[in-house]
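Biologist: I want to learn how to read a metal site and a helix pair. Where do we begin?

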Amino acid sequence: MAFELPKLGYDYTALEPHIDARTMEIHHTKHHAGYTTNLNNAVSGSALEGKSIEEILKGISGQSTAVRNNGGGYYNHNLYWEVMAPGGSPKPEGVLLDALNESFGSVENFRESFVQAALTRFGSGWAWLVLQNNKMVVSSTPNQDNPLMDVADVQGTPVLGVDVWEHAYYLNYQNRRPDYVNAFWNLINWDEVARRFKG
Ligand code: MN
């Protein structure tokens, strides 16, 4: 079964003014679609065919650059669309809030750490909130790597991620990555983050 480009749960215009419709459309129909097609081409006819994307990523050290880049790109964007919602959703609560407080001291401290990771990632990549051995940590990865990969410096379950490739923000924000990352904060779908945290 081939990997499929997911439909978004909202319109391309729905995240405005934080992320503009044109950026959303190109990001989904060109970039994410490209990773999906290239991943299918890379696994087709190989021993990876039929495996879940998570399984593939956990053993990525043994795979080609094409599988690493496109498998990461496929998974990361699936997560990215889902951890955002028009207008965001209410703040973290319950066990997610407890875990953030325990790991970072406060949600505000977590935010500072997450934004810092996003702003200091040199070039293209992602910043993450990662569940690692029952603790929450912040990390960042280059290119389309992610914390599921056995090559990542910080390995665990990604529960929140922000794309800091220029294609995610350049049309609207040009070089102003801080403005984009702060805008992203307003869109976080905490219900989805909590769902991923609980597994
Ligand atoms: Mn992207």
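Modeller: With the term donor. Donors are N, O and S atoms within 2.8 Å of the metal. Water is not among the atoms, so a site may look incomplete. Keep in mind that this model is predicted.

Biologist: How are the donor residues of the manganese ion spaced in sequence?

Modeller: The pattern is H-x49-H-x85-D-x3-H. His27 sits in helix H1 (residues 21-43). His167 is in the loop between strand E3 (157-163) and helix H6 (170-173). The two are 140 residues apart, so distant parts of the chain are linked.

Biologist: Which atoms are the protein donors of the manganese ion?

Modeller: NE2 of His27, His77 and His167, plus OD of Asp163.

Biologist: Are His27 and His167 buried or exposed?

Modeller: Both His27 and His167 are buried.

Biologist: Now the helices. How do the axes of H1 and H3 cross?

Modeller: They come within 8 Å and cross at roughly 140°. Over 145 degrees would count as roughly antiparallel. H1 and H3 are therefore oblique to each other. The crossing is left-handed.

Biologist: Which residues meet there?

Modeller: From H1, they include Met24, His27, His32 and Leu39. From H3, they include Val67, Tyr74, His77 and Asn78. By class, the contact has nine nonpolar, 12 polar and no charged residues.

Biologist: Why does Asn78 count as buried?

Modeller: Because its relative accessible area is 16%, and buried means under 20%. Asn78 lies in H3 (residues 65-82). Leaving aside neighbours within four places in sequence, Asn78 contacts Pro6, His32 and Arg196.

How values were computed. Residues numbered from 1 in each chain as written. Predicted model: local features only at pLDDT ≥ 70, side-chain atom pairs only at ≥ 80, totals over all residues. Heavy atoms only, no water. Donors = N, O, S within 2.8 Å, 3.2 Å for Na, K, Ca; no water. Helix = DSSP H or I, 4+ residues; strand = E, 2+ residues; numbered from the N terminus. Buried < 20%, exposed > 50% of the residue type's maximum accessible area, 1.4 Å probe, protein only. Contact = heavy atoms within 4.5 Å. Axes fitted to C-alpha atoms, helices over the stretch in contact; angles between N-to-C directions. Parallel < 35°, antiparallel > 145°, perpendicular 65-115°, else oblique. Left-handed = near helix turned anticlockwise from the far one by under 90°. Nonpolar A, V, L, I, M, F, W, Y, C, P; charged D, E, K, R; others polar.
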